Amino acid sequence: MTSLAWSLQKFEQLDSTQNYILNNLNSLDEGACVQAATQTRGKGRHGRYWSSPEGNLYFSFLLKPKISKADYGQIALLAGLAVAQALHPYVNVVLKWPNDVLVGGQKICGILIESVEGALVVGLGVNVTHSPFEGAANLADFKLSPDTVRDIILEKFALLYDRYISDGFEDIRREWLSYSFDTNSVMSVKIGDNKITGLYQGLDKAGYLLLLCDKSSEVITISSGDVFQNYVTSD
Ligand code: BTN
């Protein structure tokens, strides 16, 4: 038994499973999980669109963790780790900070976290049968259904969440790093209009990205941004 009791609602179509939970927060409890076969306005990070054709997996769930807002990013890392554990028997998974799951350098799952008044909505899009955008990987070779993939991810997430609540973030951080890029991989991070290039130094104790900056030769801590690996620039 885990402390999270999942309560699943399935829909043929929604605008976005994130929006469904955000619009119904008052009537939903922790563990509410909403899945849609397709989404008409799937939301990605930074206001981007998440293409949602039938056959892939789209679901969101509600958490009400008693942690500080500054640590919400740790839940995103935890979700990525749950996906990595779930897909690891099938594919060679790499976690890219903050919350992308890659296979062969291509994105197989995206994770979006939104928070309102102590409630966290965690949304996952997994390319089960299609690769709906450039640079996407999928699980089509394994003939898995979206529901099967959802169940494995939810099971892994619930176990990790209990570990996180009882023992803190450190073990999760270490395991997350075991699925991530090698230390000293070349990496660029886009933060707003700025781009910083350097060598990946893993994550700090809070889950922020550490980058040994090319220009300053200092290790900087990055709390939000988009990572491009092996993206070397001349500027
Ligand atoms: C990303 O930009 O990588 C995050 C993508 C998150 C997509 C999922 S699909 C289920 C949930 N509902 C949404 O509208 N978005 C998330």
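A polar contact is a pair of N or O atoms within 3.5 Å. With that cut-off in hand, this report on a predicted model starts at the ligand and then turns to individual residues elsewhere in the chain.

**The ligand and its surroundings**

The shell around the ligand is made up of 20 residues, of which S16, Q39, K43, R45 and K107 are the closest. Three of these closest residues are taken up in the table, which gives for each the protein atom, the ligand atom and the distance between them.

| Residue | Protein atom | Ligand atom | Distance |
|---|---|---|---|
| Q39 | polar side-chain atom | nitrogen | 2.9 Å |
| K43 | backbone N or O atom | oxygen | 2.7 Å |
| R45 | backbone N or O atom | oxygen | 2.7 Å |

Of the 410 Å² of accessible area that the ligand has on its own, the protein covers 98%. Strand 6 makes the largest contribution, with 4 residues. When the residues of the shell are sorted by class, 10 are polar, 6 are nonpolar and 4 are charged.

The loop between strand 4 (93-96) and strand 5 holds P98, and the peptide bond that joins W97 to P98 is cis, with an omega of about 0°. Most peptide bonds, by contrast, are trans. G104 is placed in the loop between strand 5 (100-103) and strand 6, and it counts as exposed because its relative accessibility is 74%. Although G104 and G135 are separated by 31 residues in sequence, their C-alpha atoms are 9.9 Å apart in space.

**A buried arginine**

Helix 4, which spans residues 170-178, includes R173. R173 counts as buried because its relative accessible area is 11%, which is under the 20% cut-off. A polar atom of the R173 side chain lies 2.7 Å from the backbone oxygen of L203.

**Two residues with positive phi**

Most residues other than glycine have a negative phi. N184, which is not a glycine, has a positive phi of about 75°; N184 belongs to the loop between helix 4 and strand 8 (186-191), and with a relative accessibility of 45% it counts as partly exposed. S217 is likewise not a glycine and has a positive phi of about 60°. The loop between strand 10 (209-213) and strand 11 (219-222) contains S217, which counts as exposed at 56% relative accessibility.

Key:
Residues numbered from 1 in each chain as written. Predicted model: local features only at pLDDT ≥ 70, side-chain atom pairs only at ≥ 80, totals over all residues. Heavy atoms only, no water. Near = heavy atom within 4 Å. Polar contact = N/O pair within 3.5 Å; in protein donor to acceptor, adjacent residues only side chain to side chain. Areas by Shrake-Rupley, 256 points an atom, 1.4 Å probe, with all protein chains shown as cover. Nonpolar A, V, L, I, M, F, W, Y, C, P; charged D, E, K, R; others polar. Buried < 20%, exposed > 50% of the residue type's maximum accessible area, 1.4 Å probe, protein only.
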